[in-house]
Amino acid sequence: MSSTRTPAPPTGGAGVRRSGRKFSVLTGQDRVVLGLMVGIPTFMVVFFVIIPMIASTILSFTQWNGIGGFAAIKFVGLQNYIDLVTVYIPFFPALTHNLIWLGFFLFIATPIGIFFAVLLDKEMRGTRFYQGALYLPVVLSLAIVGFIWQLQYAPEQGLINNVLGTTRQDNLISWLGDPSLNLWAVLVAASWRHVGYVMILYLAGLKSVDPTLKEAAAIDGAGEVDTFRRVVFPVMRPINIVILVITVIESLRAFDLAFIVNKGLNGLELLSTLVTNNIIGETSRIGFGSAIAVVLLVVSVGPILFYLTRALREDNP
Amino acid sequence: MAHSGVPRVEADEVAAPRIVRRMTLTRAAVGGAIFALVVAACGGAASPAPSTAPGTTPAPGDTPAASVSLGETSLGSNESDEQPKAAVQSLVDYCQTSTGASIKVNVNDHNTFQNQISSYLQGTPDDIVKWFAGNRLRFFADQGLLSPIDDVWAEVGSNYSDAFKVASTGNDGKLYFVPNINYPWVVMYRKSVFTEKGYAVPTTLAEFKTLGDKMLADGIAPLAFGDLDGWPAMGTFDILNMRLNGYDFHVGLMAGTEKWSDPRVKAVFQLWAELLPYFQAGAPGRTWQDAAKAMIVDKTAGMYFLGTFAAQQAPTPADVADIGFFPFPTLGNQYDSEKAIDAPIDGFMLSANPKNPEAAKAFLKCVATAAAQKIYTATSAGDVATVKDADTSGYNDVQKAAAAIIADSGRIAQFLDRDARADFAGPSGMQGFLLSFLNDPKQNLDTFLGGIQSYYDSLPPQQ
């Protein structure tokens, strides 16, 4: 930590000092404080985000097994990317699954969470119990969520197959083993948690909406649905943006559940699991894994930039 | 990762034969947490066996420390499960006394250790490292991360057969590994079920199919099968390939001198597709533990092809005693007489810059003695000693039968993920390919095998 601070203050300090000369508003202590406040976050972003990002991008043009230092790194140009799209069979399924994941969260899980929030906002009987029940999964780590759902989906011992009576050799449903089913099975598990998360955020937002707005809408003759669509939802814009961003981020960093189930194989390929499978392990392909990571980066940066610029623009008309 | 971070758990899990170890890291962690809670709730009764703390101090007493003391060395072990962990500790205790070296054991979580082995060996590893023979050993030897131990072999070499020597030899012809134990991949069954239903142990594929049809008619799956973890199917591929195309072709294929696009490989998958109706359905979604339970506990499957460690899923010693096994049936071709099997070898290697090479080598020599291996196998049921003069008087029935099958085998392979390069065998490679085959055995095999070969060719050259 102490080393983190050393390089930082000079950068921040320089700018401050210049303006200080003009207006003499800032004391020396102010400069130090400002320098630290700007410098430490800048340092962290640069060293923990920007530099690794650049390093990954550079590594994606190389071949390296992670052993033997920089001398062992061999530049291979675009070969990793070419292999990725030509011989690496899991790549396109992974890309597709990431997009399905995003779509499922955006159009199914998140709306369900919002719906629950609106219902619970009605102060119906037992609302606290429902809140607790729906929010419980959010408190659990995804590792435990994965473990719980693996037990539900187990072929012979699992609850679901036993309830359905599909545990025999001839009618067995392999929830996690059938590649046409397992992505959806895992999405249900992921949504179980995501719905609660969205619900609690949205519920907090709904509580802060001025009730007179709803009353006014009701007096003007708007039904429940219209009130929500035309009055409440627009008023909630800041919360909506937060939820949108959270949903996109949660979808793109999807990893845990697929990896817990089967290391992201066999229908559960995601870009994040491919990166891991290539980079971590007995023998790693650092360059190839980095190339996949760069693809994931490009995919992630797109939506994030889009929403952030939109949000910032609309906030400052 | 969760496994974060933990990936590549896969292949390797094969390596170690015991129960829990194969759990994914997460499941182990979760299981551990739950277990801890339960134990705490119960007033923290039973604490696991070995009362000896990992030997940080020289063996007390017996040895006059001054005269023979070799000083302190350390052992990095991947045996985090109770039974093998206790076996390693008893081996170390014995060798400390007999050599005068003091050995500190650092136990690591099994899967984590395997995932991090490469950075571990590059950092400041322990002097002695527990690992696997075969290509998984050669890779690290090639990278210069291990010390050759030809001098140790000069003394103990006569106590090992050629097969073990080959498995311990690096690509440069030097020796890097001292075998400790191995265990065979066999077809297991419950003797009581076979007696009750009048089933006979099949020795040929025809007999196996007849038996399978009978079992299907009785409403049980002939062969339990679970491949959720990705590696168990490798054992099936290994044995079918060795039975159909012979040991030499199999080894060539693993080493990359034979091609996956070869028609002989296609024949293996055709045979496998033909046999799939005898395998328990839904294998890609079932863990190997659940498959073992289907055969041992639920009796919904009649047989199970896996390493003998599967017997550890048996709930009681009586269930263990009821488990019989036999080598995979022969196909009636010129390779029948080879009696090839997979029998993975575990043992110890020496890291590149050991702090105390004399003490470490003294330990390695100790491992190569019948007395030391007897102590290890006494604790680790299902594993078999590797030395020629092994003292088998303490073997249980499973060990006796396993030793007999290994001794009777003319050719011994390790396992796909030990014989082939790790990046090919892992989740990005064969694990995924075999799952894809199991999900769609009728797919175009030429395209399928062409895809495997292109993937193999796209891997960077190994030194």
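Which residue is the bridge partner of B:Gly76 in strand 3 of chain B? It is B:Val129.

Strand 1, residues 71-77, and strand 3, residues 128-132, run parallel and share two bridges. The sheet as a whole is open and has six strands, in the order 2-1-3-10-4-11, with mixed pairing. At its edges are strand 2, residues 101-107, and strand 11; each has a single partner strand, so one side of each has no neighbour in the sheet. As a general point, strands of a sheet pair through backbone hydrogen bonds, in either the parallel or the antiparallel sense.

Now to strand 4 of chain B, residues 177-182. Six of its six residues are buried. Toward strand 10, residues 345-350, strand 4 makes five bridges, and the two run antiparallel. Toward strand 11, residues 384-385, strand 4 makes two bridges, again antiparallel. B:Asn182 takes part on both sides: it stands opposite B:Ile345 in strand 10 and opposite B:Val384 in strand 11.

Of its 463 residues, 59% count as buried. If you take contacts in chain B between residues at least 6 apart in sequence, 77% of them join residues at least 24 apart.

Next, the cysteines. How many disulfides does a search of the whole structure find? There is one, counted over all chains. It joins B:Cys95 to B:Cys366, with an S to S distance of 1.9 Å. The two cysteines come from distant parts of the chain: B:Cys95 is in helix 4, residues 82-99, and B:Cys366 is in helix 15, residues 357-367, which puts them 271 residues apart. The angle about the S-S bond is -85 degrees, and the link is left-handed. Are these cysteines buried or exposed? Both B:Cys95 and B:Cys366 are buried.

On to the aromatic rings. Over all chains there are 49 aromatic pairs. Take A:Phe91 and A:Phe92: their ring centres are 5.1 Å apart and the planes meet at 65 degrees, so this pair is edge-to-face. A:Phe91 counts as buried because its relative accessibility is 4%. A:Phe92 has 43% and therefore counts as partly exposed.

A second pair is B:Phe437 with B:Phe448, which is tilted, at 6.1 Å centre to centre and 35 degrees between the planes. B:Phe437 sits in helix 20, residues 430-439, and B:Phe448 in helix 21, residues 445-458, of chain B; they are eleven residues apart.

In chain B, B:Lys130 lies over the face of B:Phe348, at 5.8 Å from the ring centre.

A:Lys263 has a phi near 65 degrees, which is positive in a residue other than glycine. A:Lys263 is in the loop between helix 13, residues 256-262, and helix 14, residues 271-279, of chain A. With a relative accessibility of 5%, A:Lys263 counts as buried. The other lysine is B:Lys299, with a positive phi near 60 degrees. B:Lys299 is in the loop between helix 13, residues 288-296, and strand 7, residues 301-307, of chain B. Is B:Lys299 buried or partly exposed? At 38% relative accessibility, B:Lys299 counts as partly exposed.

Last, confidence in chain A. The average pLDDT there is 85, and 91% of the residues score at least 70. Over residues 1-16 of chain A, however, the pLDDT is below 50, and this stretch has eleven contacts in the model beyond near neighbours in sequence. Where pLDDT is low, the predicted coordinates should not be read in detail.

Definitions and conventions
Residues are numbered from 1 along each chain as its sequence is written. Chains are lettered from A and ligands numbered from 1 in the order in which they are written. This is a predicted model: local features need pLDDT of at least 70, side-chain atom pairs count only at pLDDT 80 or more; totals for chains, interfaces and linings use all residues. Side-chain values use heavy atoms; hydrogens and water are left out. pLDDT is the predictor's confidence in each residue, from 0 to 100. Contact means heavy atoms within 4.5 Å. A disulfide is a pair of cysteine sulfur atoms within 2.5 Å. Helices (H or I, at least four residues) and strands (E, at least two) are DSSP runs, numbered from the N terminus. Buried means under 20% relative accessible area, exposed over 50%, partly exposed in between (1.4 Å probe, protein chains only). Two strands pair if DSSP finds at least two bridges between them. Rings of Phe, Tyr and Trp (its six-membered ring) pair if their centres lie within 6.5 Å; planes under 30 degrees apart count as stacked, over 60 as edge-to-face and the rest as tilted. A charge sits over a ring if NZ of Lys or CZ of Arg is within 6 Å of the ring centre and within 35 degrees of the ring normal.
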